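Please keep the viewer open while you read them.

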Amino acid sequence: MNNILNNKKILLGISGSIAAYKAPLLVRELIKNGAFVKVVMTNSAKEFVSPIVLSNLSHNDVIIDMFDNSNQTSGAWHIKYAHDIDMMVIAPCSVASLSKIANGICDNALTTLSIALEPSIPFLIAPAMDSTMWLHPATQRCISILQNDGTIIIPPIDGELSSGLIGPGRLPEISNIVDTISDTFANWGAKRRYASNINKSFNNVIEVETPIKIDDKTKDLIDSPINPIQGAIDKDKFNAELEFQELKNKLV
């Protein structure tokens, strides 16, 4: 048994890749090693693996709908779940979810939790897709963005794919994913995925020490009286009535 996973709280994301059928095996291995697992999945993932199976294996309700009333018991539920964990892992991660997370698109529960994740919490993604999709420049751009943001990418391996082709894109073996999770815990320490500038931004707004300088031209513009618009309104009203009267005369 891998003791480093004991009592670790892991949020496991599952997206709409055919490799999602392997997700129950990952949940089982994490649970066997003493981890607490909470599953979040996309609607597309339900086409490949049953939420009931994942719920039974993890001993937790599965998060699917971000507007599910059962998640709304603590205000900003996505912040609660995204901060009260030790790690988030998405395995498998489809191209769609990969690109959404890379570009900050929060249109489902999985991507929302990914973006809400506190930067001190390690974030691992294991993409799984066909070779042409994995090697596409758009996919590789998203991978680069995520890595620059501090996300740990568990690269797919070469092998036989669901399309019948052989090449990169296959989800790594479950044991390899578990080993990567364990190694990340062992080496993470006080590391942050990216530096947060939130407090710095607030300080920049609050701590204004020098008055704003306004040039003479701008000051004259501010001090000049505002021309009343009532005259323009009356003129438009008069023109409208005149045009209406002329139209009536033509019809007589």
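1. Overview. The protein has eleven helices and seven strands; helices (H or I, at least four residues) and strands (E, at least two) are DSSP runs, numbered from the N terminus. This is a predicted model, in which local features need pLDDT of at least 70 and side-chain atom pairs count only at pLDDT 80 or more, while totals for chains, interfaces and linings use all residues. Residues are numbered from 1 along each chain as its sequence is written, and side-chain values use heavy atoms, with hydrogens and water left out.

2. Confidence. The mean pLDDT (the predictor's confidence in each residue, from 0 to 100) is 83 for the protein, and 74% of its residues reach 70 or more. Over residues 200–212 the pLDDT is below 50, and beyond near neighbours in sequence this stretch has zero contacts in the model; a contact means heavy atoms within 4.5 Å. Where pLDDT is low, the predicted coordinates should not be read in detail.

3. Among contacts between residues at least 6 apart in sequence, 73% join residues at least 24 apart.

4. The largest nonpolar core. Such a core is a set of buried Ala, Val, Leu, Ile, Met, Phe, Trp, Tyr and Cys residues joined through side-chain atoms within 4.5 Å. The largest one has 32 residues, of which Ile-14, Leu-26, Leu-30, Met-41, Leu-54, Val-89 and Ile-181 touch the most other members. Strands E1 (9–14), E2 (36–41), E3 (87–93) and E4 (123–127), together with helices H1 (23–32) and H8 (174–188), each supply at least two residues of this core. H8 gives the largest share, five residues. A second, separate core of 27 residues includes Ile-85, Leu-98, Ile-125 and Trp-134.

5. Ile-14 and its surroundings. Leaving aside neighbours within four places in sequence, what does Ile-14 contact? Its partners include Ala-20, Ala-23, Val-39, Met-41, Leu-54, Ala-91, Pro-92 and Leu-110.

6. Val-39. This residue sits in strand E2 and is buried, with a relative accessible area of 0%. Apart from neighbours within four places in sequence, Val-39 is in contact with Leu-12, Ile-14, Val-27, Leu-54, Ser-58, Asp-61, Val-62 and Ile-63. The C-alpha atoms of Val-39 and Ser-55 are 7.7 Å apart, although 16 residues separate them along the chain.

7. Helix H2 and its ends. At the start of H2, a side-chain oxygen of Ser-50 reaches to within 3.1 Å of the backbone nitrogen of Ile-52. Ser-58 belongs to H2 (residues 51–58). Is Ser-58 buried or exposed? Ser-58 is buried, with a relative accessible area of 4%, and its side chain reaches the backbone oxygen of Leu-54 at 2.8 Å. Not counting residues up to four places away in sequence, Ser-58 touches Val-27, Ile-31, Val-37 and Val-39.

8. Two positive phi angles. Just after H2, His-59 takes a positive phi of about 60° although it is not a glycine. His-59 is found in the loop between H2 and helix H3 (77–83) and is exposed, with a relative accessible area of 64%. Asn-7, in the segment before E1, has a positive phi near 70° and counts as partly exposed at 48% relative accessibility.

9. Ser-182 is found in helix H8 and is buried, with a relative accessible area of 5%. Setting aside neighbours within four places in sequence, Ser-182 is in contact with Asn-2, Ile-4 and Leu-5.

10. Charges over rings. A charge sits over a ring if NZ of Lys or CZ of Arg is within 6 Å of the ring centre and within 35 degrees of the ring normal. The charged end of Lys-8 sits over the ring of Phe-185, 5.2 Å from its centre. The charged end of Lys-80 sits over the ring of Tyr-81, 5.0 Å from its centre.

Definitions and conventions
Buried < 20%, exposed > 50% of the residue type's maximum accessible area, 1.4 Å probe, protein only. Polar contact = N/O pair within 3.5 Å; in protein donor to acceptor, adjacent residues only side chain to side chain.
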